[in-house]
Amino acid sequence: MADLYAFTDGACSGNPGPGGWGVLLQAREGETVVKERALCGGETATTNNRMELLAAINALESLSRPSAITVITDSAYVKNGVSGWIHGWKRNGWKTASKKPVKNEELWKRLDAAQARHEVRWEWVKGHAGHPENERADALAREGMAPFKG
């Protein structure tokens, strides 16, 4: 049985500004990629963090059945949020430790629901450091942003 991986990235031209998200989905048997799918999209006025979240959300929502998957992101915001912060936010009624509303709450809730269907392992990689699949996800995010740049 193949292992599933999702390499996700977001991009923004200006912050806020036009942005895009990209996902490279791979099914692998050992080191061999047996199936691959690319996804991307964007928005006119957004932030980099929103695009990073939407990349992870779209990766998980694109899976037609519950799956074991490793999501690899270069966003510490997404990785730390989904692995740690979100538990406190939910306990605190979607408020931060300083009692402020959680930024991008609707996207965090959507990500939480999307990951609940799956067995997800989250990994962080350094962005723009020559990681081939992360570079491809970055290119997809820029492709998703292209139609929204004036």
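**Exercise 1.** How many nonpolar, polar and charged residues does the lining of the largest pocket have?

*Solution.* The model is predicted, so local features need pLDDT of at least 70 and side-chain atom pairs count only at pLDDT 80 or more, while totals for chains, interfaces and linings use all residues. Residues are numbered from 1 along each chain as its sequence is written, and side-chain values use heavy atoms, without hydrogens and water.

Step 1. A pocket is an open set of points on a 1 Å grid over the protein atoms alone, where a 1.4 Å probe fits, with protein on both sides within 12 Å along at least five of seven lines; lining residues have an atom within 4 Å of a point. The largest pocket holds about 550 Å³ of space.

Step 2. Its lining comprises 21 residues, and Leu 4, Ala 27, Leu 63, Arg 65 and Ser 67 lie nearest the centre. Two or more lining residues come from each of β1 (3–12), β2 (17–29), β3 (32–46) and β4 (68–73); strands are DSSP runs of E, at least two residues, and helices are runs of H or I, at least four.

Step 3. By class, ten lining residues are nonpolar, five polar and six charged.

**Exercise 2.** Describe the salt bridge of Arg 28 and the ring that Arg 28 lies over.

*Solution.* Step 1. A salt bridge requires a side-chain nitrogen of Lys or Arg within 4 Å of a carboxyl oxygen of Asp or Glu. Arg 28 meets this criterion with Glu 133, their closest N and O atoms being 3.0 Å apart.

Step 2. Arg 28 belongs to strand β2 and Glu 133 to helix α4 (residues 132–145), 105 residues apart. Both residues are buried (under 20% relative accessible area; exposed is over 50%, partly exposed in between; 1.4 Å probe, protein chains only).

Step 3. Arg 28 also lies over the face of Tyr 5, at 4.8 Å from the ring centre (CZ of Arg, or NZ of Lys, within 6 Å of the centre and within 35 degrees of the ring normal).

**Exercise 3.** Which contacts link helix α2 with helix α3?

*Solution.* Step 1. Lys 90 and Asp 112 form a salt bridge, 2.8 Å from N to O. Lys 90 lies in α2 (residues 76–91) and Asp 112 in α3 (residues 105–116), so the pair ties together parts 22 residues apart in sequence.

Step 2. Lys 90 is partly exposed at 40%, whereas Asp 112 is buried at 18%.

Step 3. Tyr 77 in α2 and Trp 108 in α3 are 31 residues apart. Their aromatic pair is edge-to-face, with 5.2 Å between centres and 70° between planes (ring centres within 6.5 Å; planes over 60 degrees apart).

How values were computed: Points joined across faces, edges and corners; volume = space filled by probe spheres on them. Nonpolar A, V, L, I, M, F, W, Y, C, P; charged D, E, K, R; others polar. Phe/Tyr/Trp six-rings, centres within 6.5 Å; stacked < 30°, edge-to-face > 60°.
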